[in-house]
Amino acid sequence: MTDTILSHDDLTARVSRIFQRAGLSPLQSDAVARTIAAGERDACKSHGIYRIDGCLRTIKAGMVTLDAVPELAPEDGAIVRVAAHGGFSNAAFELGAPELARRAKELGMAALVINDCTHFAALWPEIEALTAHDLAAMAMCPSYSSVAPTGGNEALMGTNPFAFGWPRENTDPYVFDFATSVAARGEIELHRRAGTPLPEGWAVDADGNPTSDPEAALNGAMLPFGGHKGSAIATMIELLAGVMIGDLNSREALDRLGNFTLLPAHGELILAFDPARFSAGREGNAMARAETLFDAITGQGARLPSQRRFAARKRAMAHGITLSAEEIAHLDRLEERGLDAVA
Ligand code: NDP
Ligand code: PYC
């Protein structure tokens with residue numbers, strides 16, 4: 001069976017049609033489709049079309065408001081607040097991002113709080129939306145309890161992604177984006193599907209014993225990256241992007257949902273900083289000094305985070321996105337059968 005090559009626009013439209021067939025409004029469907037297609041374009045398979053089934057299951061379970069229209073709260077200084085009203089985070093971010101950028105430029109820094117959203121996405125598309133405004137940015141959110149704190153053996157924190165970006169002139173921004181667990185839960189699921197063992201140190205089984213079996217890991221707990229350091233950063237995210245913004249932490253998100261086959265609803269926190277404002281009056285140019293740092297990193301043979309992703313994007317934009325015959329058949333099935341296609 002042969003692969004199919006799709007343009008980025010065609011894949012985006014195709015994914016949006018699947019969601020509209022499932023009853024999601026065009027506003028929500030288009031925003032979700034943009035993120036999923038960007039994941040495939042940038043070779044981030046754990047948050048590409050693989051996520052469609054989870055989104056559809058969550059819609060089918062009645063956990064997403066199909067016609068949610070995100071709403072911007074009245075102006076409140078450095079805090080931009082968007083109520084997602086039970087929709088996906090993607091449309092809420094698209095509404096709040098321009099306002100976040102405007103206020104960060106005006107005040108030097110600002111925060112976007114998104115409340116009450118279903119969240120499945122990678123965070124780098126959001127970071128890049130802000131670096132495009134010459135802002136540095138951070139984004140973080142809880143998830144649902146699947147990670148044991150270091151020294152414990154019971155899932156408590158989520159895989160809590162954390163992303164950062166720095167704008168660069170005439171080249172791609174510096175961006176990193178990772179789960180604070182050793183790997184994203186999506187990666188474990190992809191190992192399960194492929195029948196491949198997990199690398200050592202990713203997870204423990206339900207009895208707290210180290211395991212390389214993806215199934216046992218999904219029924220047990222994942223581990224934080226970097227031992228106690230990752231455990232503390234994941235805890236910080238529970239506090240800042242859960243407790244502080246008045247939204248669910250990972251345990252509460254799992255309690256509300258009941259199981260891992262659906263996607264969690266909670267909040268998200270995105271911070272934006274204007275480097276020009278922070279460095280004003282100090283010696284040296286912040287942008288030039290950052291380039292000196294990046295050169296010192298790459299000059300010793302190390303690569304910058306997101307370089308693999310940007311290279312994949314360039315290839316995909318020039319030659320299209322390659323999907324296997326199996327993936328295309330699955331998209332066909334989802335488009336034909338809508339919510340009947342998922343259990
Ligand atoms: P990865 O471990 O795949 O990658 C983490 C980051 O490190 C990327 O920016 C990557 O860049 C960079 N990187 C990888 N290898 C190197 C290297 N050798 N040198 C320099 N940089 C490197 O990420 P995860 O599996 O932890 O997370 C994947 C995605 O899952 C993220 O986008 C995250 O937002 C998402 N996620 C979302 C959750 C949610 O609840 N919404 C929960 C958990 C994760 P590059 O891409 O170029 O390889
Ligand atoms: O990959 O860990 C993950 C994840 C959880 C929710 C969305 N992505």
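Helices here are DSSP runs of H or I with at least four residues, numbered from the N terminus. The model is predicted.

**Exercise 1.** Which helix holds Ser 89? Is Ser 89 buried or exposed?

*Solution.*
- Step 1: Find the helix. Helix α4 covers residues 89-107, and Ser 89 lies in that helix.
- Step 2: Recall the cut-off. Buried means under 20% relative accessible area.
- Step 3: Apply the cut-off. Ser 89 has 0% relative accessibility, so Ser 89 counts as buried.
- Step 4: Look at the surroundings. Neighbours within four places in sequence are left aside; Ser 89 then contacts Ile 114, Cys 117, Thr 118, His 119 and Glu 268.

**Exercise 2.** Describe the shell around ligand 1 by residue and by element.

*Solution.*
- Step 1: Name the residues that come nearest. They are His 47, Ala 121, Asp 177, Ala 179 and Arg 308, out of 23 around ligand 1.
- Step 2: Sort the shell by kind. Twelve residues are nonpolar, six are polar and five are charged.
- Step 3: Assign elements. β7 (174-179) and α12 (307-319) each give at least two residues to the shell. The largest share is that of β7, with five residues.

**Exercise 3.** Which protein atoms lie 2.8 Å from an oxygen atom of ligand 1? How much of ligand 1 does the protein bury?

*Solution.*
- Step 1: Check the backbone. A backbone N or O atom of Ala 179 lies 2.8 Å from a ligand 1 oxygen. For Leu 123, a backbone N or O atom is 3.3 Å from an oxygen of ligand 1.
- Step 2: Check the side chains. In Arg 308, a side-chain N or O atom is 2.8 Å from an oxygen atom of ligand 1.
- Step 3: Turn to area. Ligand 1 taken alone exposes 930 Å², and the protein buries 75% of that.

Methods:
Residues numbered from 1 in each chain as written. Chains lettered and ligands numbered in written order. Predicted model: local features only at pLDDT ≥ 70, side-chain atom pairs only at ≥ 80, totals over all residues. Heavy atoms only, no water. Near = heavy atom within 4 Å. Polar contact = N/O pair within 3.5 Å; in protein donor to acceptor, adjacent residues only side chain to side chain. Areas by Shrake-Rupley, 256 points an atom, 1.4 Å probe, with all protein chains shown as cover. Nonpolar A, V, L, I, M, F, W, Y, C, P; charged D, E, K, R; others polar. Buried < 20%, exposed > 50% of the residue type's maximum accessible area, 1.4 Å probe, protein only. Contact = heavy atoms within 4.5 Å.
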